Amino acid sequence: MAGKSFDMIVIGAGPGGYVAAIRGAQLGLKVACVEREHLGGICLNWGCIPTKAMLRSSEVFHLMHRAKEFGLKAENIGYDLDAVVKRSRGVAKQLSGGVGHLLKKNKVEVIMGEASVPAPGKVSVKTDKGTEELTSKNIILATGARARNLPGLEADGERVWSYKHALMPPHMPKKLLVIGSGAIGIEFASFFNTLGADTTVVEVMDRILPVEDAEISAFAKKQFEKQGMTIREKATVKQLDRAKDKVTAHIEQGGKTEKVEFDTVISAVGIVGNTEGLGLEKLGVTVDRTHVVTDEYCRTGVDGVWAIGDIAGAPWLAHKASHEGVMVAEMVAGGHPHPVKPESIAGCTYCHPQVASVGYSEAKAKELGYDVKVGRFPFIGNGKAIALGESEGMVKTVFDAKTGELLGAHMVGAEVTELIQGYVVGRQLETTEEDLMHAVFPHPTLSEMMHESVLDAYGRAIHF
Ligand SMILES: Cc1cc2nc3c(=O)[nH]c(=O)nc-3n(C[C@H](O)[C@H](O)[C@H](O)COP(=O)(O)OP(=O)(O)OC[C@H]3O[C@@H](n4cnc5c(N)ncnc54)[C@H](O)[C@@H]3O)c2cc1C
């Protein structure tokens, strides 16, 4: 018996899937969205949102310790980890509920269950009540990703945690090892270090936050070390010996292996796409390592099958997933949207200090053959930063010396995750140094540093 028919079926209700479903419905499509666990996906339930709620607690805790500097009194400062987690879970729940409301408002049919694609045009969903068969000419795979488990470093939820365990920690680490210094690893390192855990970060590459501009990585490293973190670069955790209340890590660095004891380990060594169980092989969809291969329009090469968000590969970011979702929904509805440009997607890390960037690093721009002009501006030269008590940080801009095109912007310091969008808009509008120099930035704001960094690239900075 033929099942229910839709114009578009989205598998997965993360920021890729639910946004695609809503945009499709807005354009008049009859849309179903299938989700096996929580509306909002990893982002709202186990990623972007709950981590930011936890980091806000550690930020407030840090500021409370600085009360005296601001002429305030705070005594007996402490924290209740269970309450921190409870708040974070509450925020996630609120937003997941909000997604349910939005899907309903847009008349998207939400089906809770595990989907597979037995043949082009067909989706089979295992629900609590049995199997539902659906049909549609357009199927969007938006099943996301999960933590990578390296052999020997697997999370067990007791002493060795994945990001999910770290978001609902069974205990407060005293001596913590974080393996991997990408955004996820560094955010947890920053959170637990601020709450007082003696934290070590091990990174296999030659610097932490390896996707960032080298100067920004170096600046962030110095700040973390000042906060008491131990950073070990060009180092590898070869083995973890697990005992009841401790883990011994075998850390290889500079040709030597050292055994170091920790009470907790967070494994943040990357993510793998949720490609299994969907029937992709039979469909003829190409999977490279753990990600579905697509073109710039998220087409998989199999007619009517698209892949968006984390399952479709880097950058593994919620806003990339959502943007791809909108693009695909518009194409399904007969539109001709522009493809998403990966180099115009900002990356943000919400550690203390924050890190944010868009476009090419200085090294990448040079590698691509650009003759560059580089501007820098330190937070110490900005009135608002000093008034806020946040004078550590920098803004770096990279321009094409020939055309004045803004090739990249890189920031470390307070609130830079909010500031970066100014440069994102600039890049989208194909702005040049000329436009940025003529823009009037309000005073006093941190954003004035964005102006000054541009001015500096052309030898015109005023306040430094
Ligand atoms: C700790 C952490 C912090 C992060 N912080 C940030 C951040 O600050 N900013 C940022 O941009 N990104 C962040 N990310 C990354 C972000 O969460 C992802 O890029 C984003 O969630 C990807 O969206 P998605 O829709 O592709 O997939 P997901 O959010 O993973 O959603 C996929 C959904 O599909 C469902 N699903 C899977 N298989 C099936 C199936 N067969 N049938 C039905 N349903 C299925 C899953 O249950 C899930 O709900 C973070 C990630 C982590 C882990």
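Here are a few notes on the sheet and the ligand site of this predicted model.

1. A word on conventions: residues are numbered from 1 along each chain as its sequence is written. In this predicted model, local features need pLDDT of at least 70, side-chain atom pairs count only at pLDDT 80 or more, and totals for chains, interfaces and linings use all residues, while side-chain values use heavy atoms, with hydrogens and water left out.

2. Let's start with the sheet. It is open and parallel, with 5 strands in the order E4-E3-E2-E8-E21; strands are DSSP runs (E, at least two residues) and helices likewise (H or I, at least four), numbered from the N terminus. Two strands pair if DSSP finds at least two bridges between them. At the edges, pairing on one side only, sit E4 (109–112) and E21 (305–307).

3. Strand E8 (residues 139–141) runs parallel to E21 and is joined to it by 3 bridges. Isoleucine 140 has tryptophan 306 of E21 as its bridge partner. Helix H9 (residues 318–332) packs on the sheet, touching E2, E8 and E21 (contact: heavy atoms within 4.5 Å).

4. Now the ligand. Its shell has 38 residues, and Gly16, Glu35, Lys52, Asp310 and Ala318 come nearest (near: a heavy atom within 4 Å). Helix H2 (41–46) is among the elements that supply at least two shell residues, and H2 gives the largest share, 4 residues.

5. Finally, oxygen atoms of the ligand lie 2.7 Å from a side-chain N or O atom of lysine 52 and 3.3 Å from one of histidine 319. From a backbone N or O atom of tryptophan 316, a ligand oxygen is 3.3 Å away.

Conventions
Axes fitted to C-alpha atoms, helices over the stretch in contact; angles between N-to-C directions. Polar contact = N/O pair within 3.5 Å; in protein donor to acceptor, adjacent residues only side chain to side chain.
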